[in-house]
Amino acid sequence: MGKEKEDKRKMHFPERVIHTSKIIPKDPEHSFKRFVKKLASKKISFFNAEIEIIELGPREGYKTTFQLIGLMNMSFQFKISYIISATQIDIGYEADSEYTIRVPKFAKRAGERQISSTIIPRIIQAVNKSLEVKEKKPKEPKEKKPKEPKEKTEKKPDDKEKKEKKPKDPLKLLKMQFVEGKISEEEYLHKKKLLED
C-alpha cells in the first residue's frame, strides 16, 4: 500500500448576505460593537470539540475578521460586515479556509463537505444568536397612591423574647460550659450528678 499524500487545500467562500433585518438600529456603530462582542464570546461544537470564535480584526467601518480556534489541521477565518441601507440592515459573510488532508485522491472533497455542511451552518447560527437583541420597552410610570397613616399599635413581644425570658435547661447550660472549656470534666460530672439528684 502506498503512502497517503499530504495535500494542503485553500478554500474561499465569497461574500453573501446571511441575515437581513428590517430594524435599523438608532446607533449602528454601538449596535455593531455589541454584536461583535457577543459573537466573539460564542463557541461552536464540531465533532465533540468546542471551537472558540475570536475577533482578529482589524475593524474597517462595519466589517471585521474572526477566526475559529481549536480546529485540528485546519485554519478558518471569516469576515462579517454590517451593510446598512435606508430601509434595512444586512449581514454579509465571507470566509477563507486552509486545511491539510492525508487521504487518497478520491476523498479530497471530504474537507470541503465538512466545512460546508458543519462549520458554516454553526457559524451562521452563532451570528443569528448574536444579533438577537431584546429591546427594552420604557416602563410606564405608575400612579403613586397617597400613603395612609398607620395606626399605632402596641408591640407584642416576639417569640424570641419569650424564649429568652424562659429559664433554659440547666443540664444543657452545663453541657455547653463543658464543651466551651469553661469547666473541667470533674466539675461537669459533679454538677451533673447534683442536678440529676
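I'll start with two helices. The axes of helix α4, residues 170-179, and helix α5, residues 185-196, come within 10 Å and cross at roughly 175°. Axes here are lines fitted to C-alpha atoms, for helices over the stretch in contact, with angles from 0 to 180 degrees between N-to-C directions. Helices (H or I, at least four residues) and strands (E, at least two) are DSSP runs numbered from the N terminus. So α4 and α5 are roughly antiparallel to each other, a label for angles over 145 degrees.

Before going on: this is a predicted model, where local features need pLDDT of at least 70 and side-chain atom pairs count only at pLDDT 80 or more, while totals for chains, interfaces and linings use all residues. Residues are numbered from 1 along each chain as its sequence is written, and side-chain values use heavy atoms, with hydrogens and water left out.

Which residues of α4 and α5 meet? From α4, Pro170, Leu171, Leu174, Lys175 and Phe178; from α5, Glu185, Tyr188, Lys191, Lys192, Leu195 and Glu196. Contact means heavy atoms within 4.5 Å. By class, the contact of α4 with α5 has 6 nonpolar, no polar and 5 charged residues. Nonpolar is Ala, Val, Leu, Ile, Met, Phe, Trp, Tyr, Cys and Pro; charged is Asp, Glu, Lys and Arg; the others, Gly among them, are polar.

Next, salt bridges. The structure holds 7, each a side-chain nitrogen of Lys or Arg within 4 Å of a carboxyl oxygen of Asp or Glu. One of them joins Glu94 to Lys63, with the closest N and O atoms 3.5 Å apart. That pair links distant parts of the chain, Glu94 in strand β6 (residues 89-102) and Lys63 in strand β4 (residues 63-69), 31 residues apart. Glu94 counts as buried, at 15% relative accessibility, and Lys63 as partly exposed, at 25%. Buried is under 20% relative accessible area, exposed over 50%, partly exposed in between (1.4 Å probe, protein chains only).

Lys182 also forms a salt bridge, with Glu180, at 3.2 Å between the closest N and O atoms. Lys182 is exposed at 60%; Glu180 is partly exposed at 47%.

Last, strand β2, residues 43-46. β2 pairs with strand β3, residues 49-55, in the antiparallel sense over 4 bridges; pairing requires at least two DSSP bridges. Ser45 has Glu50 in β3 as its bridge partner. The hairpin has 2 residues between the strands, and Phe47 takes a positive phi near 50° there.

Methods
Angles under 35 degrees count as roughly parallel, over 145 as roughly antiparallel, 65 to 115 as roughly perpendicular and the rest as oblique.
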